[in-house]
Amino acid sequence: MEYRTLGKTATKGSARSFDASSLGAVFHDSDGVERKLQYRRPANLWTEALPLGNGRLGAMVFGGVETERIQLNEDTLWSGYPKDGNNPRAKEELPNIRRRIFEERYTEADHLAKRMMGPYTESYLPLGNLYIKFQHGGVSRHYQRSLDLGLGVATIQYQIGEAMYTREVFASYPDDVLVVHLSVSHPGLLDFTVQLDSQLRYHTASKDGGLTITGVCPEHVDPSYYDVHDVPVIYGDPNTTQAMRFHGRLTAMVESGAISVDHDGLHVTEATTAVLIFAAATSFNGFDKSPGREGKDPAQVVAQQIALAERKLYKDLRQAHIQDHQSLFNRVHFELGPSIAPENMPTDQRIMKFGAKDPRLVELLFDYGRYLMIASSRPGTQPANLQGIWNHEVRPPWSSNWTLNINAEMNYWPVETCNLAECHEPFLTYIEELSQNGRKTAEVNYGLKGWTAHHNGDLWRQSAPAGDYGHGDPAWISWPMGAAWLCQHLWEHYAFGLDREFLRKQAYPIMREAALFYLGWLVEDGRGHFVTAPSTSPEHKFVTESGQTAAVSMAATMDLALIWDLFTNCIEAAAALDEDAAFRRQLLDTRDKLLPFQVGRNGRLQEWAKDWDDEDVHHRHVSHLFGVYPGRQLTNDTAADLFKAAQKSLEIRGDGGTGWSLAWKICLWARLKDGDHALELVSNLLQLVRDNSVDYLRGGVYANLFDAHPPFQIDGNFGFTAGVAEMLLQSHTGTLELLPALPQAWPEGRASGLRARGGFHVTLSWEGGQLREAIIASNRTGRCDVRPGVSVTVETNGKIAPFEVLGKNIISFPVQPGGIYTIRRV
């Protein structure tokens, strides 16, 4: 898109850094409502526990009375070590597969595609558990357990006799430690023992008055769905293993009372308050270094963290954590109206009884996505994986890796719109590092320049296809389109913030190399068009007229949409930087020759180049609708017939699906400007799921509001937050569309601190189902195009500002860096 400016495009101008928090109440006018998850009993299941995180350390707080369990994670604790998973045989088989495809022998192409596979990725692992065992027994009253999203603090409180016991737990990003504060209202009644353990190979010891846990990871863990080997978890020789090592340390401070440590744990007796500080680290030293042979010393890292943290008072640790957390969380505020649920009703009961009918519960789930992003993805950490940073299984579902055909990307859909651009950094760094391995995959597997990636990624930045060299299904493995989708995030980060140095030094070089790969990957179809072959529509299969059921064909719609998106972003990036004119022309010429999208016999946008039947008409993936969301190729203004066909496809797909699938459909219906239908999907997602089995047809949320595939996948949480933001504000066409998909059930409300492409911050309020007021802050010199949906005036600096009417209910007015523009309904 080109952002309209005074005399030139904004992408060729400069953008000044802009601090939205400086606008104070303009962007955060809190209603005083506490954003809390709350319960009246301890967690029995992992999906009832409360998640805490500082981007690197993760904790799940169960809140038991007699025994508190805090399950622990560290974001670099993975199985394996760097390996070369590229497959030279893939290049040899490529012409054979293409021949079968052009001869329409699709099942044979599926079979040959197995020969192009590589190894399965490694797995994200649990670090262990911190247990606090109290000596007061398990009988209590007035029990409360809560997670305050605005503070990032979990609190457990209960009464035994006349004594009130309170625990506060948080994971501090500034101090990089987990902190537990315990107190009792009557002096000297705190008596407990703390223990550490792990599901991995470990040993514990006492050191300097505290506890330590030291261990080693497996050299390989098979995915949970790969039940072939007798020994799926393989450890190396303790003296020579290349696998990850880890170390954790717990220290304690008390007011009065005593501390002792022995082989049974750390004991606190007759205390009134106590503070536990836990730090952990691994030997991870980079994606390309053996953690066993070239790794860091985790014990040294942990010793430094503990030494710094234990010098501080608890109140200072807590204040630093809250100040850091709120600097991100308080940027955005979303309000729909008063709750219809009783004030202290437990969250799981609210879900069951009210669901999306409770406006405050919708707000809570929206804020929860922002909270989870802050807790799982901060500068310098790993990006949020399939479960964020929270995992309690040695063989977690789908290895808890980065699944690149939707799930990893969905994790980061809300970061730019919801004003958490810093939290995007780990994912952008991951893409940059993945591209380094992806160059070799492009060369070895396909004989091409540039870089590519496939369906799965891990800590070691695997870019090769998975599948254990033939075990996997081509429906999800034979998909070399990961680089194209990932590069969208590089462009989006620029499109919102207009940081030209980022575009020049980091984003565009990676995007350009990806485009080089796809220029080489495309082949001519003999009719004047470029197509991809082999090609799959992720995880779905087609049924041909002759009855073949297969996955591999040519020119799946998603392939074409991803390449269009990448080429378009590269063209605009090069124009913004005023370079690469010849390459721009090559991309433009090739983009124009891509096989056009097709509309099938029932009026829907075809998923494949031919009008085949679906193997599963209600399949969870809606990959062929990428051009609607998160892409920008299909809009009602630019491609009305295809836009209508995309809507027909979504109608046929239905309103069911996994948790993340429901979230994607919310985003799609928002882009289709149907807020009422989007709200139906919100309602379908806000359903309580208690069973942790695998279900591809009915998603929802667990008691702790984790997204239920089921099982747990965090992408649905993030996708939901992105979808709600998309219902309120859209900017993918270059125009700010205000309340484009507002449901009738949300007649009044407000949202502040949202971001729009082109360097804008936006706050909105509405009543009677229409815009009342919008406040737009600009980060640049140029023009701002707005579709307000009602007749409006524009004011700046207390004066009426002139604007131009562009047609299609769009107004346009000049803006300056730091300028604030108020749009009011007349």
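By the rule used here, in which a cavity is a set of points on a 1 Å grid over the protein atoms alone where a 1.4 Å probe fits but cannot get out, the count comes to 13 cavities of 30 Å³ or more. The model is predicted, and local features need pLDDT of at least 70, side-chain atom pairs count only at pLDDT 80 or more, and totals for chains, interfaces and linings use all residues. Residues are numbered from 1 along each chain as its sequence is written, and side-chain values use heavy atoms, with hydrogens and water left out.

The largest cavity has a volume of about 150 Å³, a volume being the space filled by probe spheres set on the grid points. It is lined by 14 residues (those with an atom within 4 Å of a point), and the closest to its centre are Tyr-412, Trp-413, Glu-492, Tyr-629 and Arg-757. Helix H8 (414-417) and helix H11 (482-497) are the elements that give two or more residues to this lining, with H11 giving the most, four residues. Helices are DSSP runs of H or I with at least four residues, numbered from the N terminus.

The axes of helix H13 (residues 557-577) and helix H14 (residues 581-592), lines fitted to C-alpha atoms over the stretch in contact, come within 9 Å and cross at roughly 150°. H13 and H14 are therefore roughly antiparallel to each other, a term for angles over 145 degrees.

Contact here means heavy atoms within 4.5 Å, and the residues that make it are these:

| Helix | Residues in the contact |
|---|---|
| H13 | Trp-564, Phe-567, Thr-568, Cys-570, Ile-571, Ala-574, Ala-575 |
| H14 | Arg-584, Leu-587, Leu-588, Thr-590, Arg-591 |

Methods: On a 1 Å grid over the protein atoms alone, a cavity is a set of points where a 1.4 Å probe fits but cannot get out, and a pocket is an open set with protein on both sides within 12 Å along at least five of seven lines; lining residues have an atom within 4 Å of a point. Axes are lines fitted to C-alpha atoms, for helices over the stretch in contact, and angles run from 0 to 180 degrees between N-to-C directions. Angles under 35 degrees count as roughly parallel, over 145 as roughly antiparallel, 65 to 115 as roughly perpendicular and the rest as oblique.
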